[in-house]
Amino acid sequence: TTRFEIVVQGSDNGREWKAYEFRYRPGAMDQRPGFVAPHQPRLDWQMWFAALGSYQQNPWFINFVEQLLRGSPAVLALLDENPFPQKPPRFVRAELYDYSFTGISTKRADGRWWDRRYLGPYLPPVTLGEF
């Protein structure tokens, strides 16, 4: 009923942030949970495990962020939505949240499937020059 989730965000100016949406992970509050069984989407599954530790314990995550900063078509194809279709962002950061399902009354009232509580930064803002 609850799970830690990493929200990956990009920014051109370091002040306004846009989230990358994944295909099968919770993200937007009104996004219906995806049905994936028996398929196990690799990136989404790895993100679930990464949220149980730190980015230092998940070196693949740093490579993932670097590829977002480079605008890698192969990596962006793994995502549901790229909020930077014209050019890659200057900065990428990741924040950790505790997601839980809303009750049926909340779902009916405002359409939200999820509640989330901010737990803190997962990865501070980074740029390509830091890799």
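User: So what's the mean pLDDT of the chain?

Analyst: This is a predicted model, and the mean pLDDT of the chain is 88, with 87% of its residues reaching 70 or more. Among the elements, helix α2 (residues 59–70) has the highest mean pLDDT at 97, whereas helix α4 (residues 104–110) has the lowest at 83.

User: OK, rings. How many aromatic pairs are found in the whole structure?

Analyst: The search finds eleven aromatic pairs.

User: Where do Tyr55 and Tyr122 lie?

Analyst: Tyr55 is in the loop between α1 (42–50) and α2, while Tyr122 belongs to strand β4 (residues 114–126), so the pair ties together parts that are 67 residues apart in sequence. Tyr55 counts as partly exposed at 22% relative accessibility, but Tyr122 is buried at 7%.

User: Which residues form one aromatic cluster with those two?

Analyst: Tyr55 and Tyr122 share one aromatic cluster with Phe22, Trp60, Phe61 and Phe64.

User: And Tyr97 with Tyr99, stacked or edge-to-face?

Analyst: Their ring centres are 6.4 Å apart and their planes stand at 75°, which is over the 60-degree cut-off, so the pair is edge-to-face. Tyr97 counts as buried at 10% relative accessibility, and Tyr99 is buried as well, with a relative accessible area of 0%.

User: Switching topic: which charged residue lies over the face of Tyr97?

Analyst: Arg116 does, at 4.1 Å from the ring centre of Tyr97. Elsewhere, Lys18 lies over the face of Phe84, at 5.4 Å from that ring's centre.

Technical notes
Residues are numbered from 1 along each chain as its sequence is written. This is a predicted model: local features need pLDDT of at least 70, side-chain atom pairs count only at pLDDT 80 or more; totals for chains, interfaces and linings use all residues. Side-chain values use heavy atoms; hydrogens and water are left out. pLDDT is the predictor's confidence in each residue, from 0 to 100. Helices (H or I, at least four residues) and strands (E, at least two) are DSSP runs, numbered from the N terminus. Rings of Phe, Tyr and Trp (its six-membered ring) pair if their centres lie within 6.5 Å; planes under 30 degrees apart count as stacked, over 60 as edge-to-face and the rest as tilted. Buried means under 20% relative accessible area, exposed over 50%, partly exposed in between (1.4 Å probe, protein chains only). A charge sits over a ring if NZ of Lys or CZ of Arg is within 6 Å of the ring centre and within 35 degrees of the ring normal.
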